[in-house]
Amino acid sequence: MPGERKTADAVEQAPSDGTPRGRHPVVAALMLGMALAALDVTVVSTAVPQIVGDLGGFSAFSWVFAGYLLAVTVTLPVYGKLADTVGRKPVLVIGIGVFLIGSLLCATAWNMTSLIAFRIVQGLGGGALQGTVQTIAADLYPAEQRPKIQARLSSVWAGSAVTGPAIGGAVAGYADWRWIFLLNLPVGAVALWLIVRHLHEPRRIRTRAKVDWPGALALFGTGALLITALVQGGVAWPWLSVPSLALFAGGAAMVAVTVAVERRASDPIIPGWVWRRRTIAAVNLSFGALGVLMIAPNVFIPTYGQSVLGLDPTQAGFVLTVMLLSWPVSAALSGKIYQRIGFRLTAAIGAALTSLVLGSFFFLPHPGEPWHPALIMLLLGGALGLFQLPLLIGVQSSVEHSERGTATASVFFCRQIGQTVGAALFGALANAVLASRLGSGGADSVGRAANDPSALTATAADRLRRAVDAAVEYVFLGAAAAAAVALLVLLFVATRGFPHPSDEATGSTTR
């Protein structure tokens with residue numbers, strides 16, 4: 001097609017329409033790879049009682065998730081750099097392979113410590129799934145067609161939100177919990193076969209890949225200290241205790257060390273241009289805010305549904321799922337909007353709508369009906385589709401092919417950091433509201449009531465419902481503030497540098 005740039009990772013071009021042959025099997029492989037990461041948390045979280053009952057170690061169980069999160073977060077920029085130097089295909093193949101090895105090891109865990117260690121191995125592979133899948137998707141499709149592939153990838157997350165708890169519950173109820181991890185093996189094997197068979201990259205000049213291992217280790221140490229402080233603070237010890245202060249101080253020192261190491265590195269893991277270019281810096285900050293605000297619906301809507309509306313866990317999960325049904329539809333339609341008004345304005349509209357929708361949660365009646373939060377989740381999914389996708393495509397269109405892996409990984413790295421910070425901030429906020437209304441131990445009373453609602457008197461149950469209602473309202477106000485921060489960043493920081501959606505097709509880039 002005249003003026004269309006040949007996609008870099010695409011397989012052989014068809015002469016008639018300019019679309020790469022074999023693209024559909026590659027897209028199927030990307031969706032399967034994304035499913036491995038998307039199903040991981042929802043399936044494992046459902047089997048918590050069975051895993052703890054078999055292995056013990058309930059006090060350390062949060063590290064089954066935190067260890068995986070740590071490994072994914074710190075390896076995202078490493079894989080992004082490798083994708084730009086050695087190619088997308090080998091990085092994704094290695095990442096899926098390591099993820100499957102970690103899954104197999106998790107199925108053989110003999111105690112909680114071994115399970116946590118094997119989850120870290122699994123996360124070392126999981127870091128390649130998010131960024132590399134998105135990079136390959138950008139290579140396969142020009143900017144005007146990317147909403148289609150993004151809608152498909154978003155549908156994977158929506159489907160995982162619906163099927164994940166059901167799969168986890170079925171496996172935990174009718175089989176051994178270890179099958180939760182073994183089920184990853186056939187899915188990953190099919191994804192690997194499709195990638196090896198159908199994804200063909202252009203020949204590269206073979207050079208020895210330079211990996212900034214000192215920077216990677218410094219980044220891992222920084223993440224380990226800060227994530228430990230955020231995960232354990234307010235749980236294992238008070239926020240202002242000696243362990244918390246020591247971890248935060250150590251994390252701050254490691255940040256300084258990481259910056260010093262990266263400045264001296266000839267080929268740093270997180271290159272300076274990621275932050276010097278206003279486009280990428282603004283998107284990174286916006287994705288960090290996105291990670292923060294996503295904690296509100298993902299973590300607190302199920303609790304709100306069960307504790308305030310009296311829904312069972314499955315029904316409360318479906319209230320959240322509504323958001324994931326409208327998100328891919330909005331993402332698919334966003335292309336028509338940003339083709340007219342540009343990436344930046346489309347994302348700004350999405351951020352503004354996101355802030356308004358999140359803030360409207362404060363005005364829900366008490367106790368309300370289940371369709372009230374479901375409607376908000378439906379609107380939130382539509383707003384987030386306009387918010388996230390134009391930013392991602394805008395960044396990928398603003399850099400050259402040799403920088404796309406690094407830029408994409410930096411975006412998702414910032415979102416992971418935002419999720420960790422959001423979990424700590426909103427957890428502390430919710431606990432503070434519950435403590436002010438229920439006294440010390442307010443958060444524990446929510447858990448006891450969820451396990452045995454009949455143990456509370458009618459008066460105590462109503463008091464508890466109102467306390468949870470207030471806590472979730474304040475969390476959603478905080479999430480609305482995070483969306484407002486993203487809006488301000490887009491309006492005042494990203495004032496130049498975003499390309500026009502048609503620029504990439506002609507091979508031009510705008511910085």
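At roughly what angle do the axes of helix H12 and helix H15 cross, and within what distance do they come? In this predicted model, the axes of H12 (residues 278-307) and H15 (residues 371-398) cross at roughly 155° and come within 11 Å. Angles over 145 degrees count as roughly antiparallel, so H12 is roughly antiparallel to H15.

**Helix H12 against helix H15**

- The crossing in which H12 passes H15 is left-handed.
- On the H12 side, the contact is formed by Thr-279, Ile-280, Val-283, Ser-286, Phe-287, Leu-290, Leu-293, Met-294, Pro-297, Ile-301 and Tyr-304. Their counterparts in H15 are Pro-373, Met-377, Leu-380, Leu-384, Phe-387, Gln-388, Leu-391, Leu-392, Val-395 and Ser-398.
- Sorted by class, this contact of H12 with H15 comprises 17 nonpolar and four polar residues, with no charged residues.

**Helix H12 against helix H16**

- The axes of H12 and H16 come within 6 Å, with a crossing angle of roughly 40°. The two helices, H12 and H16, are therefore oblique to each other.
- H12 passes H16 in a crossing that is right-handed.
- From H12, the contact draws on Ile-280, Val-283, Asn-284, Phe-287, Gly-288, Leu-290, Gly-291, Val-292, Leu-293, Ile-295, Ala-296 and Phe-300. From H16, the contact draws on Ala-407, Ser-410, Val-411, Cys-414, Arg-415, Gly-418, Gln-419, Gly-422, Ala-423, Phe-426, Gly-427 and Ala-430.
- The contact of H12 with H16 has 15 nonpolar, eight polar and one charged residues.

**Helix H4 against helix H5**

- The axes of H4 (residues 88-107) and H5 (residues 112-140) come within 7 Å and cross at roughly 150°. This angle makes H4 roughly antiparallel to H5.
- H4 and H5 have a left-handed crossing.
- The contact of H4 with H5 includes 15 nonpolar, eight polar and three charged residues.

**Second largest pocket**

- The second largest pocket holds about 660 Å³ of space.
- Its lining consists of 30 residues, and those nearest the centre of the pocket are Leu-219, Thr-258, Ile-270, Trp-275 and Phe-413.
- Two or more lining residues come from each of helix H3 (62-85), helix H9 (213-232), helix H10 (242-264), helix H11 (273-276), H12 and helix H16 (401-438).
- H9 gives the most to this lining, with seven residues.
- By class, the lining of the second largest pocket has 18 nonpolar, 10 polar and two charged residues.

**Cavities**

- Across the whole structure, two cavities of 30 Å³ or more are found. The second largest cavity has a volume of about 40 Å³.
- The second largest cavity is lined by Leu-76, Tyr-79, Gly-80, Ala-83, Gly-131, Thr-132, Thr-135, Gly-405 and Ala-409.
- At least two lining residues of the second largest cavity come from each of H3, H5 and H16. H3 gives the most, with four residues.
- The lining of the second largest cavity divides into four nonpolar and five polar residues, with no charged residues.
- H3 and H16 contribute to the lining of the second largest cavity and also to that of the second largest pocket.

**Surroundings of Leu-69**

- Leu-69 belongs to helix H3.
- Apart from neighbours within four places in sequence, Leu-69 is in contact with Gln-416 and Thr-420.
- Leu-69 and Gly-126 are 57 residues apart along the chain, and their C-alpha atoms are separated by 9.2 Å.

Key
Residues are numbered from 1 along each chain as its sequence is written. This is a predicted model: local features need pLDDT of at least 70, side-chain atom pairs count only at pLDDT 80 or more; totals for chains, interfaces and linings use all residues. Side-chain values use heavy atoms; hydrogens and water are left out. Axes are lines fitted to C-alpha atoms, for helices over the stretch in contact, and angles run from 0 to 180 degrees between N-to-C directions. Angles under 35 degrees count as roughly parallel, over 145 as roughly antiparallel, 65 to 115 as roughly perpendicular and the rest as oblique. A crossing is left-handed if the near helix is turned anticlockwise from the far one by less than a right angle, and right-handed if clockwise. Contact means heavy atoms within 4.5 Å. Ala, Val, Leu, Ile, Met, Phe, Trp, Tyr, Cys and Pro count as nonpolar, Asp, Glu, Lys and Arg as charged, and the others, Gly among them, as polar. On a 1 Å grid over the protein atoms alone, a cavity is a set of points where a 1.4 Å probe fits but cannot get out, and a pocket is an open set with protein on both sides within 12 Å along at least five of seven lines; lining residues have an atom within 4 Å of a point. Grid points are joined across faces, edges and corners, and a volume is the space filled by probe spheres set on the points.
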